[in-house]
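Dear colleague,

Please find below the structure I am handing over to you. My notes on its salt bridges follow.

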Amino acid sequence: MGTAPQGGSVKTGKMPEGEKTRQCKQEAEQQHKEDEREGLIEFYGSYQELFQFFCSNTTIHGAIRLVCSKKNKMKTAFWSVLFFLTFGLLYWQFGILYREYFSYPVNLNLNLNSDRLTFPAVTLCTLNPYRYSAIRKKLDELDQITHQTLLDLYDYNMSLARSDWSTVSTRKRTSRSLLHHVQRHPLRRQKRDNLVSLPENSPSVDKNDWKIGFILCSENNKDCFHQVYSSGVDAVREWYSFHYINILAQVPDAKALDESDFENFIYACRFNEATCDKANYTHFHHPLYGNCYTFNDNSSSLWTSSLPGINNGLSLVVRTEQNDFIPLLSTVTGARVMVHDQNEPAFMDDGGFNVRPGIETSISMRKEMTVRLGGSYSDCTEDGSDVPVQNLYSSRYTEQVCIRSCFQLNMVNRCSCAYYFYPLPAGAEYCDYTKHVAWGYCYYKLLAEFKADVLGCFHKCRKPCKMTEYQLSAGYSRWPSAVSEDWVFYMLSQQNKYNITSKRNGVAKVNIFFEEWNYKTNGESPAYTVVTLLSQLGNQWSLWFGSSVLSVMELAELILDFIAITFILSFRWFRSRQRHSPPEPPPNSHNNAAFQDEASGLSAPHRFTVEAVVTTLPSYNSLEPHGPSRDGEVGHE
């Protein structure tokens, strides 16, 4: 007979196959919907996806060809090379534009203005170094020494009619201190072959090839050199000027040299048909040019030209006689004139010119202003405050003011005294060989370094950003004429006590006026502004890619997305590497591999399937006794 299975079990925990498939499809659809839902911030999953999206949607020309031709490798390679080559050429042009912009080029602007003009300052010097009473005695002693020197060197006997030297003996009346210092710097004449240390750049002046100069030595006489000249006239004048400066430096009060004699120098003065007087000028003394007078230097009441032309300017009649003339110091006669702006010193050596006696000199002026851009566009200064040189002049900054101040400061620093021709710095004193024995040696050494720009003065002193110049042109005519000279000289003798003996060589006339009202302004403007730069960059971008600013923003977005994806992928790679690497055992712990495997097995989560087992109860008939059989034994058990 058949029996039912006694120990059979039925697994009711398993899900039907159809229901499980349906549930998986629902989960996949839900995940797909979530993937398609747009988030606030999304990043591409790969670089390929990023570049494919960019090339398909960008407005930059040529980028779409990289996607459309991806099935054709030859076209893809061609367009890739062309695309990046175009980018390279574009940024090469960008580099040229940026280089030109940061070179700060300027445009020169020329403007012609017409207006009433302020008359410039005019400085007039006598060209006659005055024999001042404060130094007359020492000058006479120096002249006596020079007379003897010329007699010894050239056998030339100077005329003594100009002074009272002949009343005294040369040797007996000469000061011992002056003679001592003159003998320390003697004037010598030697052949070039005998002066081994002389430079060989001076041309010969005569058949004997003579060189003349004076010796300058250091304080301990260990180092000496010859200050030599190829011309004996230049050597004698420079040697005399060197001792003359020492005599001037010994005067304790500079006001002792202020001996103005305006009436005996300026015979007539007129501006704009009106007479000018002492209130219209200032006086100062120049060591070589004598008494100097500056007209229209008072900033409170400046002259203004109402009209151009010779009758609306400054007209002067000046004396050019040679009374009190020092023949060994100045070898010219007449007067020296310089036109300059107000509040600027008159550097007569640089910008002045001489007026000839017996000549009417008419000087026409044209004003010219220069305005430079400062900052990065040019190396100019607004007021000199950023120049590393102290301004020793009581005037505004100019390049010449800075250069002379620089030399004077180096002179004080190197030689411990100041050169007499330039302003005196605070706490310093003028060079004088009674106090500074070797200052001449130091000065000529320093002067050679200054001219070679070893001191750096020409590099330190920059041009001013705004400056005014006057372009001059001169015309000459004989004055007074032959038919009018008699009555002109007679009127001068009656009014100005003019000595008629010198006649034409004693007077000169100067006219200074504006040629026209128009004046020129030279200005600068930036050649490349920010607007110009952006315009040029846009032109280049449009030329190579035919796109706009928004295309540039697309390219910037591509770069930012590339950086973000790189960061995210790197972060994921780093996290996955940390997750799969086994943790290192802590120090002082047992290495029990079996325990670690068991622990890891216990700690790992498992998914269990619960199965319900139903056991069938035995039939009561099976309890009845049966014969010995296998089934009975089993049932009995």
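A salt bridge is taken here as a side-chain nitrogen of Lys or Arg within 4 Å of a carboxyl oxygen of Asp or Glu. The model is predicted, so local features need pLDDT of at least 70 and side-chain atom pairs count only at pLDDT 80 or more, while totals for chains, interfaces and linings use all residues. Residues are numbered from 1 along each chain as its sequence is written, and side-chain values use heavy atoms, with hydrogens and water left out.

Searching the whole structure gives 10 salt bridges. One of them joins E368 and K520, with an N to O distance of 4.0 Å. E368 belongs to strand 15 (residues 359-371) and K520 to strand 20 (residues 518-526), 152 residues apart; helices (H or I, at least four residues) and strands (E, at least two) are DSSP runs numbered from the N terminus. E368 is buried at 14% relative accessible area, whereas K520 is partly exposed at 29%. Buried means under 20%, exposed over 50%, and partly exposed in between (1.4 Å probe, protein chains only).

R462 pairs with D386, the closest N and O atoms being 2.6 Å apart. Both residues lie in loops, 76 residues apart. R462 is buried at 15%, and D386 is partly exposed at 43%.

In a further salt bridge, K463 and E399 have their closest N and O atoms 3.3 Å apart. Because K463 lies in strand 17 and E399 in helix 11, the pair ties together parts 64 residues apart in sequence.

With kind regards
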